Amino acid sequence: MGKQTVFVIGAGQMGSGIAQVFAQADYDVYLHDKDGAILERARNSIERLLYRSVEKERITEEERNAIVNRLQFTSQIEDAKAADLVVEAVVENMDVKKEIFKQLDEITSPYTILATNTSSLSITEIASVTKRPEKVIGMHFMNPVPVMELVEVIRGLQTDDITYETIVSVTKTLYKTAVTSKDFPGFISNRILMPMINEAIYTVYEGVATIEDVDTVMKLGMNHPMGPLTLADFIGLDTCLYIMEVLYEGFGDSKYRPCPLLRQYVQAGWHGKKSGKGFYTYES
Ligand code: CAA
Ligand code: NAD
């Protein structure tokens, strides 16, 4: 394959990291967001992380400049027409994702693979709004993307072998490991992780322990790098709630009922680290 162009949609914490790792792996990358201020924040964040890599002597100044030159920031979704691969990383909402996939199906070449970074939503349902469901696939990166080595690859009902094999080999070019999941709510990762986070929130909600103590138990007692409530803030409480709702509706099992405290925090606009407040308070 020649040099490939990747179009990343959504420049939040995930999209920004995804664009960075593709540019580091020699792809030409466009990063798109409808919000210009978020695009600017993503540019600053990527440049800061790349400077850090130069300081730590992981890359040279020349390599840093080349990576930056491979990245373009755009508020025009129409720029996706140049893409060989699109990776969508907007809010975890089926209606928003369907609307974007409908547009992408019109804008891009029929050969372009359309991947979604969804944490939990049905790939098969997202694919259904396109005329190329065989070219739609889940490519689920973990946060923080430049650090975490896993990519969960999810085949929708109609995803074809060539699309699947291409995404597995693209994952290798990013120096990450692909693990394949069937298209079930929350796939492997969030079917296991999110009920633990939800249970940690119930533990606080029911007054069993404080936020700090729940996190300390899981850090010191189970050797988790972050306590589950710190991790929930890091992921985004809105995203955690959306995922729990997908599990609850998808499996129809009360064991996935989102904790009312999680729902209330999201209603208050406490979306975790990215909004400055969640279970903890953060400096901007
Ligand atoms: N972006 C990029 N790099 C970051 C980063 C970020 N947001 N946060 C930390 N890093 C880098 C640091 O720069 C540092 O790199 P250096 O080698 O250059 O120093 C390295 O990661 C380690 O960071 P720190 O020393 O500051 O802190 P740490 O040792 O506590 O590690 C952590 C930070 C890697 C985030 C670690 O706490 C961790 O692994 N936490 C758990 C993360 C996790 O569970 N992620 C999965 C979330 S679930 C998900 O993603 C799926 C979903 O659908 C919701
Ligand atoms: P985020 O809130 O940080 O960013 C979402 C971005 O999408 C925002 O910048 C927003 O402006 C943009 N956006 C929304 N609608 C758009 C549209 N119509 N067109 C263009 N841009 C639009 O969210 P995030 O944490 O980066 O999550 C993004 C996706 O990645 C979600 O599907 C989430 O479930 C998934 N994900 C999140 C994590 C995590 O830990 N946060 C991990 C893996 C996967």
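1. A definition to start with: a residue is called exposed when its relative accessible area is over 50%, buried when under 20%, and partly exposed in between. Glu106, with a relative accessible area of 60%, is therefore exposed. Keep in mind throughout that this is a predicted model.

2. Staying with Glu106: its salt-bridge partner is Lys131, and the closest N and O atoms of the two are 3.2 Å apart. Glu106 sits in helix 4 while Lys131 is in the loop between helix 5 and strand 6 (136-141), so this pair ties together parts 25 residues apart in sequence. Lys131 counts as exposed too, because its relative accessibility is 65%.

3. Next, Thr108, in the loop between helix 4 (94-107) and strand 5 (113-116). Thr108 has a relative accessible area of 7%, so this one is buried. If you skip neighbours within four places in sequence, the residues in contact with Thr108 are Ala80, Lys81, Val86, Leu114 and Arg132.

4. The side chains of Glu125 and Lys98 meet with an N to O distance of 2.8 Å. Glu125 belongs to helix 5 (residues 123-127) and Lys98 to helix 4, and the two are 27 residues apart. Glu125 counts as partly exposed because its relative accessibility is 34%.

5. How many salt bridges does the structure hold? The count is twelve. One more to look at is Asp26 with Arg70, at 3.2 Å, N to O. This pair links distant parts of the chain, 44 residues apart: Asp26 is in the loop between helix 1 (13-24) and strand 2 (28-32), and Arg70 is in the loop between helix 3 (61-69) and strand 3 (71-74). On accessibility, Arg70 is buried, with a relative accessible area of 14%, whereas Asp26 is partly exposed at 42%.

6. Now the domains. The protein chain is divided into domain 1 (5-182) and domain 2 (189-272), and their centres, taken over C-alpha atoms, are separated by 26 Å. Eleven residues of domain 1 are in contact with nine residues of domain 2. Between them the two domains bury about 810 Å², with 57% of it on carbon and sulfur atoms. On the domain 1 side, Glu92, Ser119 and Ser120 lose the most area to domain 2, together 43% of what that side buries.

7. What kinds of contact cross that interface? The rule finds zero salt bridges between domain 1 and domain 2, but four residue pairs in polar contact, both residues at pLDDT 80 or more. By class, the side of domain 1 touching domain 2 has four nonpolar, five polar and two charged residues.

8. Ile192 is in helix 7 (residues 189-205). Is Ile192 buried or exposed? With 62% relative accessibility, Ile192 counts as exposed. From C-alpha to C-alpha, Ile192 and Ile167 are 24 Å apart in space, and 25 residues separate them in sequence.

Note on methods:
Residues are numbered from 1 along each chain as its sequence is written. Chains are lettered from A and ligands numbered from 1 in the order in which they are written. This is a predicted model: local features need pLDDT of at least 70, side-chain atom pairs count only at pLDDT 80 or more; totals for chains, interfaces and linings use all residues. Side-chain values use heavy atoms; hydrogens and water are left out. Helices (H or I, at least four residues) and strands (E, at least two) are DSSP runs, numbered from the N terminus. Buried means under 20% relative accessible area, exposed over 50%, partly exposed in between (1.4 Å probe, protein chains only). Domain bounds come from an automatic or database domain assignment. Contact means heavy atoms within 4.5 Å. Buried area is the accessible area (1.4 Å probe) that two parts lose on being put together, summed over both. A salt bridge is a side-chain nitrogen of Lys or Arg within 4 Å of a carboxyl oxygen of Asp or Glu. A polar contact is a pair of N or O atoms within 3.5 Å; within protein, one must be able to donate a hydrogen and the other to accept it, and residues adjacent in sequence count only if both atoms are side-chain atoms. Ala, Val, Leu, Ile, Met, Phe, Trp, Tyr, Cys and Pro count as nonpolar, Asp, Glu, Lys and Arg as charged, and the others, Gly among them, as polar.
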